[in-house]
Structure formats: C-alpha cells, structure tokens
Amino acid sequence: MIRELLGGLLFLLTLTGSLFYCVALGVTWQFFSRKRPPPPRVAPSVSLLVPICGLEARAWQNWSSLCCQDYPTYEVLFGIQEPTDAAVSVVDEICRQYPERARWYLCSEQHGYNGKVNNVFQLFRHARYDIIVEVDSDVAVDPHYLQTITAPFADPQVGVVTCGYIDPHPQHLGAAFLALGRCIDFIPSVLIARLLDGGLRFAIGPTVALRRQVLDQMGGFAALLDRIGEDYHLGYRAWKLGYRVELSPYILKNDCGNDSFRQAVQRELRWARSIRTNRGKQYFGMVFMFGTVYSALLWGLFPTPLTLGIALGVQGLRWVQAIISMILMGTPRLLGWLWLLPLRDVMSFLIWLGGCFGNRIYWRGRWLRFNRYGQLQEIVKDAQES
C-alpha cells in the first residue's frame, strides 16, 4: 500500500515538474521575445550606488563599465567599508579617470547587520538625483544599461525596475553551477511569479532602480539595515504603496569568479533561506519544480520500460527548456556546460530542502542568524570560527 502511494506521489510530482518546465519555457519565450519599450524622451537623472567589499576578479572592467554609459546625466558613487580594502586603489584610479561622474566614499559607520544596506545607506546621503540605482559590484554592463532599465519610468506608476543576472561565460565548476541555476530556474521562476501575482511584487538584488520619492515613502534604506533580502523588500514595499515593479529585459553580466562548488552551494542555500523568510508559504510551493529528480526516483524505485520512458521524456523536456532559455537570454556559451544539468537539478532539490529549515546563513565571512521576521543578527564574527 505504501509502495503504491509513493509511486503515485512521485508520478504526480513528475507531472507537476514537467508542467513547470513547460510554463517556464512559455513565459521565458514570451518575455524575451517581446519588443523592448523605447527610451523616454526625457531621460531622468540617475545616481548609481555601488557597495564594495573586497576586490572582485574583474573589478576594473566591472566598475569602469558603469562609468561608460550612453546616457546624458548620471553619477556613479562607490562605497567602501574599510580604508584598508584592496579595492581602494582601483576605485581611486577609476574616479580619477572619470572625474565628471565617479566618486568614492568611505562607508565605515556600522548601522546594521546587512553589510550591503549599511554601505548603500551611507552612500545615499551623497546622491544628487531622483532615480536611485543600487547595483552590485560584481556585474559588468553595456553602454545602453541605464537607458534600458530607466525606460519603464516613463510611466509614473512604475516605482521600481529590476533585472536578471547571469555569468554568460563561466570558467569554473562553481561559476557554471550558479550560472545554470540563474538562467534555467531562477529567472523563469521570477517570470512565473510575475504571471501568478499579476505583476512583480519584489525586486532582484544586482540591480534595483527606484524613484527617490518611493524610497522615502517606504522609510529609506534605514528601514532595511537589519533585513535579509533587502532587494525583495525594496520591491515589495513599493508594491504595497501602490507602485508597479517592472522586470527589465536587460540581463546583467554577473561574474561568478572563482567560487568553488562548495561556495556556490553555500551561496544558494543563503538565497533559499532568504526566499523562504520573505515569501513565506509560497516557498514550499517550489516542491513542484523538480520534475527530473522525481522522474529519476520513479524509475529507480519502479524500474519498468514505462517509468524509464517517462524519465527520459522529462529529461528531454528539461534540456529543451534549458537550451531555449540560454539562447533567449543571450548566453549561448552556457551550452558547453549542459553536461552539468543533471547534477544541477539534484543539487537544486537538495538546496531547496535545506532552505526549508534553519535560520543561519554564511555571508561575506560572517555567520548570521535571522528571526521569523527576517531580521539579522551576527553570531560568529570570524569565518575561521565556523
């Protein structure tokens, strides 16, 4: 009896996972095939806030790309937490090369446990313009980046704009693991959430652009100093205020660097627990996403020609969804890492399981704990103590 129930459950989960792949393919095709909105006639002035902690692998290329925008009026503000940071010399040189738009500030005051928000909170004091763009330090952008992400602000109902991010050419296993997950799972999942909710109700970390007045209405960055997943809250609070959150078709080039496989898994576990805390019960609905895992278990426990055919069919569907997603998002070099897909799917399932429990995360050399409301507290200062 139990065996039959298990077989029926795995078959049902295989069907829901297959449905996820089909819907993911459909929404990805629809979103990235549509015509992009034209740039606004009057481009709003923009303040880019770039929090820095350490020297990234491609720091010069990433940070200088922010200063080479085909855009009329903008400024780039870099924030560094420690005067001894190895990034100081690189940022200083960039600011000398682009003195008309780039400046850097020491953001050493401690106001909260979220280091990124702590940095941006201090940078914001120096921002001069009405569109604020929080952008991560490990991304590179094209000259039309600002023009693309600010286009939705032509509609006064749009309060926040965000966009996806992928490493288009990973060089190492850990980087490829992260890039695959973002391309074939994360961004399609965001698009599905957008479909089910009738629009986005959150933002995505590497780029969050928002109106200054919207930021002020939600309490500014000060309200997020101790929050896990501040990107989620910036979008969610704007939505609660009655503004729209728009997903830009622009895909950021995110450099995953030399992360080991273990570091990549650790990073995704942090994201999983952050999503569970912020999305609540909706996180557990992700159980229906893992069709390849369930079909493999179905065949392994009930080895028949039928279950083998089901497993191979689901794998084929998954590969089609993955390949088309890579092409639509402009990351064809990821095709060379398709051999990693079965491991990627198994680890995604295990990371999701790990995200269902626990309230500890490892972030930038620190162990942090968060409560049921997503408020952070440091529990281990030295990474060696972990």
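Analyst: Helices (H or I, at least four residues) and strands (E, at least two) are DSSP runs, numbered from the N terminus; two strands pair if DSSP finds at least two bridges between them. This is a predicted model, in which local features need pLDDT of at least 70, side-chain atom pairs count only at pLDDT 80 or more, and totals for chains, interfaces and linings use all residues. Residues are numbered from 1 along each chain as its sequence is written, and side-chain values use heavy atoms, with hydrogens and water left out.

User: In what order do the eight strands form the open sheet?

Analyst: The order is β3-β2-β1-β4-β7-β6-β8-β5, with mixed pairing. β3 (102-106) and β5 (139-140) are the edge strands, each pairing on one side only.

User: What makes β2 and β3 a pair?

Analyst: At least two bridges are required; β2 (residues 74-80) and β3 have five, in the parallel sense, and therefore they count as paired. Phe78 stands opposite Trp104 in β3.

User: Why is α6 called mostly covered?

Analyst: A residue is buried under 20% relative accessible area, exposed over 50% and partly exposed in between (1.4 Å probe, protein chains only). By that definition 18 of the 24 residues of α6 are buried, so the helix is described as mostly covered.
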